[in-house]
Structures are given as C-alpha cells and as structure tokens.
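Let's take a friendly walk through one protein model. Have a look at the sequence and the 3D view, then read on.

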Amino acid sequence: MSDQNVISLESEIGFRALFENATIGILVVGKKGTIELVNPNARKLFGYTNTELIGKSIEILIPESLHGKHEHHRESYFEKPKSRPMGLGGDLYARRKDGTVFPVEISLGYYELGGEKLAMAFVSDITRRKEAENKLNKINEELEQRVHERTLELTAALEREIELNELKSRFVSIASHEFRTPLSAILSSVSLLERYSAPEHLEKRTRHNERIKSSVRDLVDILNDFLSLDKLEQGKMEVTHETINLPEFCESIVEDLKGILKEGQHIHYLHTGAKEIRQDKKILRNVLLNLLSNGIKYSPEGKEIHLSTEIISPRVLINVKDSGIGIPEEEQKHLFRKFFRAKNATSIQGTGLGLNIVQRYVELMEGEIGFTSKPDEGTIFTVKFPQNISE
Ligand code: ADP
C-alpha cells in the first residue's frame, strides 16, 4: 500500500466519522432535488429513517406553502453554486415527518462527483434560539410600552406643572390689579367712617359700611374663584348627590344675592314642573351664584334679571337672562376660556375664571351649558342637566 493510499483511506474514515458524528444535520442533494446522502443528525432532526429519505425530493423536508419558492431557489443555486448561508435576511422553516414545522438555519456548499453537481445543506434546529429571541422581543416590547406610558405620565405632570405655574403668576397679576380697587375702597371708607361719628351721620356711616362689605365680598369672590379652579384642576372635586327642592333652593339664592343688586335691579324667579331633583348642592349653588352675579354685574342699574327653572322629567332646565351689556359676537367663542374677559367688560371687576369654573361644574353635573347674547341687549345662559329622580 502506498503512502498516498494510507492517507486517502484514513481521510475517508476521518471524513465518514465527521459526517456520522456531526451535531449538525447534513444533507447532500442532486441537481434535480433528489436526496443523495443524509447524516444521522439530519435523520434525527426530521424524524425519518435513511431509506425513507434517500432518493426522495428534498421538498418533503420543506413546509408545503414554500415548495414553489424552494424549487425556484434550488434551480438558481445549481446555476451558480457557492458556499453561503441560505435565506439571508429571512426566517427559514423545515418540516418533520410528523408534519410539524420548526425554524432552521441552513448553510449551503457544493461539490462535483463524476461530472454531477451536488449541493450540501448544513441544517441546525434553532427552535430554542427563536424562543429566546421571541422572549427577548416580548420583554423589549413590554419595556418600550412601559417607557411610553411613563413618558406620557411625565409629560402630563410637566404640563400640569406648567399650567399651575401659569395659574400662580396669573394670580399674582390679577391679585395685584383686582385687589387694588376693593382694598382702596375699604381704606377710604374706613378713614371716612372715623369722621362720621356724630349721630346725624348715620346714613353716611351705613353707606360706607355697605361699601366695605361689598369690597370684602369682591375679594372673597376672587379668592374663591382661584380656590375652586385649583380644586377642579387637581381633580379634587367630589360630587355628592342630595335631594333638593329646586324652587326653595333657588329662592334662597335669590335672597342671598339681594345684597349685591344695583339700584333698581330685581331678580324675577319663575319655576314650572315637578320640584325635586338630586344633585350636588354646592356645585349647583355655585353655578347659579356665578351666572346670576354676572347678570347683575354686567347689567346697568334699574335692569331686571330673570331666573327660570323647569323640570321636564328626566331633565332640568335653568335659564338666567339679563338685559345688560351683552357679549360682542366675535368674542363669544372664547367665553368659557380660562381668564377670558370680553373687551366691553374690562372696566368691570372680574377675573375671567367664573364661566370656566361654571362649565366644569356643569360637566360634573353631567349637564351642558350654552348661551345667546346680543351686545347692548342682554344675555341668556341656559343650563341643562339630569333630574336624577326616577318617577
Ligand atoms: P369675570 O366675570 O370674573 O370676568 P367670567 O368667567 O364670569 O369672569 O366671565 C368671563 C367674561 O364673559 C366676562 O369678563 C364678560 O366679558 C363675559 N360675561 C360673562 N357673563 C356675562 C353677562 N351676563 N353679560 C355680559 N358679559 C358677560
């Protein structure tokens, strides 16, 4: 035996051992797609015996839906064969004897034997790796979702902080501007009171006392607006339904407002329909106080204000009508905006917060608010909300 023969014999044994023991599946396929050789690991991977595979078409190891595609790829591979991974950039799947499909990674190689081209496929089952990848992808997705949610929360918190800061600086400017008039009225009335100590000055003293009271009320109103707004913005407003006798409730509010009526002003109140409703007393009171005091504030002396309530089960309808300065048409769309004040109202004291608060209160009552207005003729505000009483 020549040295050459020893080496070739040993190398054949060596190559056979490599083929038999490889922990990767190896398949040798002819140009027509016939399986020529299969190593034990490939048989194990696909669940076939050797005789079940040899001579069969390679397509039996490929999911049916991919057969057409694979035949085309196989033919073009044999035209220009070279060593390369298969299916670059896409996922590859193989089919076991029992029909189950699993993900694989495949490298291709080729050689020629007796003038025939043969392709080699090195197949690894990557089910575990895919599972790990999928798990990782899922964790990544969850993480991204959490980052997204957290970002939204932080953005909302930041926006709220910005809004709060704006509210605070607006408060400082409104307070310094709006507090000045009532405070100087109080100061001048207090110093005048000292002068009118004689019994015959009783009327003057009463007038100055009234001026002080109404100025203090203005200050309290401004503070209340800010407090209500802050509470509403923080979502701290709780709604508690109570049974209310609507006409009695409104009459007492009309009575409370008598103190701020201007010379010759009256509030006419009319109720129709059933009397009982279930609503939050504080919220409803604030809505009525705000609308009625605006009616008083934005109407000149001697003008009537009309309040009407009506229950048309299951809805409650409230109208507040004045014959005051009205709202310029082009400004009406901004009316419920925070701090908005129409240009015909700037000489009258106010913060521009009342209607924004009223609108939010009406939302809490699950109702709606609207208005119609004509400059120099007057304004009607309409509020509708559920009666919350089943007949
Ligand atoms: P404020 O009265 O403190 O300015 P509001 O939010 O209650 O704040 O009202 C906002 C603006 O809407 C007022 O400044 C005024 O221009 C206008 N407005 C509200 N009610 C009336 C009304 N009844 N008649 C005329 N204008 C009104």
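Which residue of E13 is the bridge partner of Gly370? The bridge partner is Thr382. Keep in mind that this is a predicted model.

## The sheet

Strand E12 (368-374) and strand E13 (residues 378-386) pair in the antiparallel sense, and 7 bridges link them.

## A helix across the strands

Next up is helix H8 (residues 246-256).

Which residues of H8 are buried? They are Leu246, Pro247, Phe249, Cys250, Ile253 and Val254. These residues sit on the same side of H8, because they cover an arc of only 160° around the axis. Here's the general idea: an α-helix has 3.6 residues a turn, so residues three or four places apart point the same way.

And what do the buried residues of H8 pack against? Their partners are strand E7 (242-245), E8, strand E9 (276-279), H9, E10 and E11.

The axes of H9 (residues 281-297) and H10 (residues 354-364) come within 9 Å and cross at roughly 145°. The crossing in which H9 passes H10 is left-handed.

On the H9 side, the contact is made by Ile283, Asn286, Val287, Asn290, Leu291 and Asn294. H10 brings Gly354, Leu355, Val358, Tyr361, Val362 and Leu364. Sort the residues of this contact by class and you get 8 nonpolar, 4 polar and no charged ones.

Last stop: His201, in the loop between helix H6 (180-195) and helix H7 (202-233). Why does His201 count as partly exposed? Its relative accessible area is 23%, and partly exposed is the range between buried, under 20%, and exposed, over 50%.

Leave aside the neighbours within four places in sequence, and His201 is in contact with Arg195 and Tyr196.

Note on methods. Residues numbered from 1 in each chain as written. Predicted model: local features only at pLDDT ≥ 70, side-chain atom pairs only at ≥ 80, totals over all residues. Heavy atoms only, no water. Axes fitted to C-alpha atoms, helices over the stretch in contact; angles between N-to-C directions. Helix = DSSP H or I, 4+ residues; strand = E, 2+ residues; numbered from the N terminus. Left-handed = near helix turned anticlockwise from the far one by under 90°. Contact = heavy atoms within 4.5 Å. Nonpolar A, V, L, I, M, F, W, Y, C, P; charged D, E, K, R; others polar. Pairing = 2+ DSSP bridges. Buried < 20%, exposed > 50% of the residue type's maximum accessible area, 1.4 Å probe, protein only. Arc of directions from axis to C-beta.
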